[in-house]
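Me: I want a quick walk through this structure. Can you take my questions one at a time?

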Amino acid sequence: MTAAEPSTDGTYRDRLVAVEPGGNEFIAEADRHGRPSQLLWTWASPNLEFATIFLGVLAVSYFGMSFWQAAAGIIVGAGLGAVAHYFLSARGPQLGVPQMVIGRLPFGFKGNAVPSVLMAVTAGVGWFATNSVSGAFALSTLFGIGPLLALVLVVVVQTALAFFGHNLVQAFERWAFPVLAVIFAITSVVILTQADLGAPAVDGGVGGLGGFLLTVGTTFGYVAGWAPYAADFSRYLPATVSPVRTGLFAAAGLFSACTILAIVGAASVTIVTAATDNPTDAFTSSLPAWLAAATLLAITVGAIAANAINVYSAGMAFVTTGITLPAHIARALATVFFGVAGFLVAWWALADAATSYKSFLFVIAYWVGPWLGVVFADQYLRRGHRVDGFLYDRNYSNWPGLLSFLIGLVVSVLLFCNQELFVGFVVRAVPELGDIGFFVGFVLAAGSYLVLCRSKIQAEQVAL
């Protein structure tokens with residue numbers, strides 16, 4: 001088995017405006033820096049944005065929830081996603097490698113290419129497009145420019161940040177945090193005081209248990225969608241830091257930002273405003289002019305904060321597929337590629353952002369649920385054992401892990417998917433279930449992995 005070679009000799013540690021020299025290699029102790037507390041704003045800043053707000057809008061406007069029902073579903077979904085983020089972030093300093101490199105343990109070197117490609121496309125194209133659309137709408141309203149020009153401006157800035165790499169991205173999240181936190185705090189207070197929190201659910205939505213589970217599912221899809229990135233931003237921390245503190249700060253930043261803004265989004269729907277096709281304009285239309293302008297600016301900055309992370313980790317996942325280019329070159333090129341691809345998808349999605357966003361959230365949950373099941377089952381089976389020798393071994397395989405993932409993914413979608421293009425067989429018979437594919441996928445994948453891989457992993461530990 002081969003161990004990982006360190007990425008650099010410490011020259012990158014304190015540099016900001018410098019292209020990250022490594023790709024997905026192990027981070028040497030000389031380059032380790034930072035504290036677990038920085039993960040609070042690393043994960044809060046990219047979620048202080050309009051895509052988070054729109055989770056609550058979907059729950060009330062599309063799923064037929066009252067404000068309080070939506071708030072409950074948001075808290076459950078965000079809580080489940082944050083718990084997953086806790087465990088994955090905590091492992092980053094110990095192993096010193098990106099999250100999708102850790103994925104080579106349950107999937108093997110070649111098998112891991114499947115979730116790595118899913119991750120790269122989800123983050124680099126799907127999420128990039130989703131956040132770029134909201135940022136473009138906000139910038140368009142703020143300065144009175146066309147949405148396409150606004151989209152180009154947003155894409156250029158966030159792609160440039162990701163191109164330089166880890167240190168500049170982390171610095172931007174730190175600089176953005178106080179600005180975003182203050183503006184959205186004021187906006188949240190104003191909207192909550194204007195909202196009719198006791199208003200009944202709107203007519204025409206799903207309603208009932210199905211609507212509640214859809215709210216949980218979309219929120220989980222959003223929050224857990226960050227899970228395949230988790231160790232990317234904790235791997236530079238010194239190996240001696242507390243895993244508990246590392247996980248808690250990462251989970252707290254993610255949960256607090258997602259929960260608060262999504263609940264504010266749900267409240268905003270109960271305020272009667274003028275009809276508009278621009279969702280960011282609708283959200284800010286009841287605010288005083290100065291606060292509306294500040295909020296639109298915050299929405300744009302938040303979109304950039306989110307997509308800097310999205311494109312960076314998409315490039316990291318692409319490198320992890322095992323391509324033969326030097327990793328640092330491949331990461332930089334992948335960043336540019338996903339920036340262009342995400343721009344094209346965002347341009348297409350400008351016409352119907354709400355429908356595209358709702359479907360995208362469930363697509364994420366469909367694959368992230370089974371992926372988490374396999375990853376956590378593997379982590380449980382390997383607890384207390386060294387694993388670094390497997391991470392860069394091109395000959396290491398674990399095909400039952402990939403099979404477990406596919407079992408969870410395929411069965412959960414076939415039976416419990418509830419989308420316009422396809423409705424699962426169980427949901428057709430029991431439509432009030434809503435969509436619980438992510439729960440089913442997690443359980444099936446984890447159970448399959450524990451059954452199929454237990455003896456293999458035990459044998460590996462004996463051989464070590």
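What follows is a short chat about the fold, the helices, the core and the surface.

Me: Ground rules before we start?

Reply: This is a predicted model, so local features need pLDDT of at least 70, side-chain atom pairs count only at pLDDT 80 or more, and totals for chains, interfaces and linings use all residues. Residues are numbered from 1 along each chain as its sequence is written, and side-chain values use heavy atoms, with hydrogens and water left out.

Me: How many helices and strands in the secondary structure?

Reply: The protein has 17 helices and zero strands. Helices (H or I, at least four residues) and strands (E, at least two) are DSSP runs, numbered from the N terminus.

Me: And what share of the residues counts as buried?

Reply: 60% of the 464 residues. Buried means under 20% relative accessible area, exposed means over 50%, and partly exposed is in between (1.4 Å probe, protein chains only).

Me: Now helix α12. What does it span?

Reply: Helix α12 covers residues 289–319, which is 31 residues. From first C-alpha to last it reaches 45 Å, close to the 45 Å expected at 1.5 Å a residue. The expected span is 1.5 Å times one less than the number of residues.

Me: Is α12 enclosed or out in the open?

Reply: Largely enclosed by the rest of the structure, because 25 of its 31 residues are buried.

Me: What follows α3?

Reply: Gly96, whose phi is positive, near 70 degrees.

Me: On to the core. Which residues touch the most other members of the largest one?

Reply: Trp43, Trp371 and Leu372, in a nonpolar core of 110 residues. The largest share of this core, 16 residues, comes from α12. A nonpolar core is a set of buried Ala, Val, Leu, Ile, Met, Phe, Trp, Tyr and Cys residues joined through side-chain atoms within 4.5 Å.

Me: What does Leu372 touch?

Reply: Leaving out residues up to four places away in sequence, Leu372 touches Ala84, Leu88, Phe220, Ala224, Ala227 and Phe442. There is also a second, separate core of eleven residues, including Leu95, Val101, Val387 and Phe390.

Me: Where is Arg104, and is it buried or exposed?

Reply: Arg104 is in helix α5 (residues 104–107). Arg104 is buried, with a relative accessible area of 3%.

Me: What does Arg104 touch?

Reply: Not counting residues up to four places away in sequence, the partners of Arg104 include Asn24, Asn112, Thr320 and Tyr396. Thr321 is 217 residues from Arg104 in sequence, yet their C-alpha atoms are 9.8 Å apart.

Me: How many salt bridges in the whole structure?

Reply: Five. A salt bridge is a side-chain nitrogen of Lys or Arg within 4 Å of a carboxyl oxygen of Asp or Glu.

Me: Which residue does Arg32 pair with?

Reply: Glu29, at 3.9 Å, N to O. Arg32 counts as buried at 2% relative accessibility, whereas Glu29 is partly exposed at 46%.

Me: And Arg386?

Reply: Arg386 pairs with Asp388, at 2.4 Å, N to O. Arg386 counts as exposed at 62% relative accessibility, and Asp388 is partly exposed at 29%.

Me: Which residues form the salt-bridge network?

Reply: Asp378, Arg382, Lys456 and Glu460. Glu460 and Lys456 meet at 2.4 Å, N to O. Both lie in helix α17, four residues apart, about one turn of the helix. Glu460 is buried at 12%, while Lys456 is partly exposed at 24%.

Me: Which residues make the nonpolar patch?

Reply: Leu403, Ile407, Val451 and Leu452 make a nonpolar surface patch of about 340 Å². The elements giving two or more residues to the patch are α15 (399–416) and α17 (437–463). Patches are made of residues with over 30% relative accessible area and no salt bridge; like charges are joined within 9 Å, nonpolar side chains (Val, Leu, Ile, Met, Phe, Trp, Tyr) within 5 Å.

Notes
Accessible areas come from the Shrake-Rupley method with a 1.4 Å probe; for residues, only the protein chains shown count as cover. Contact means heavy atoms within 4.5 Å.
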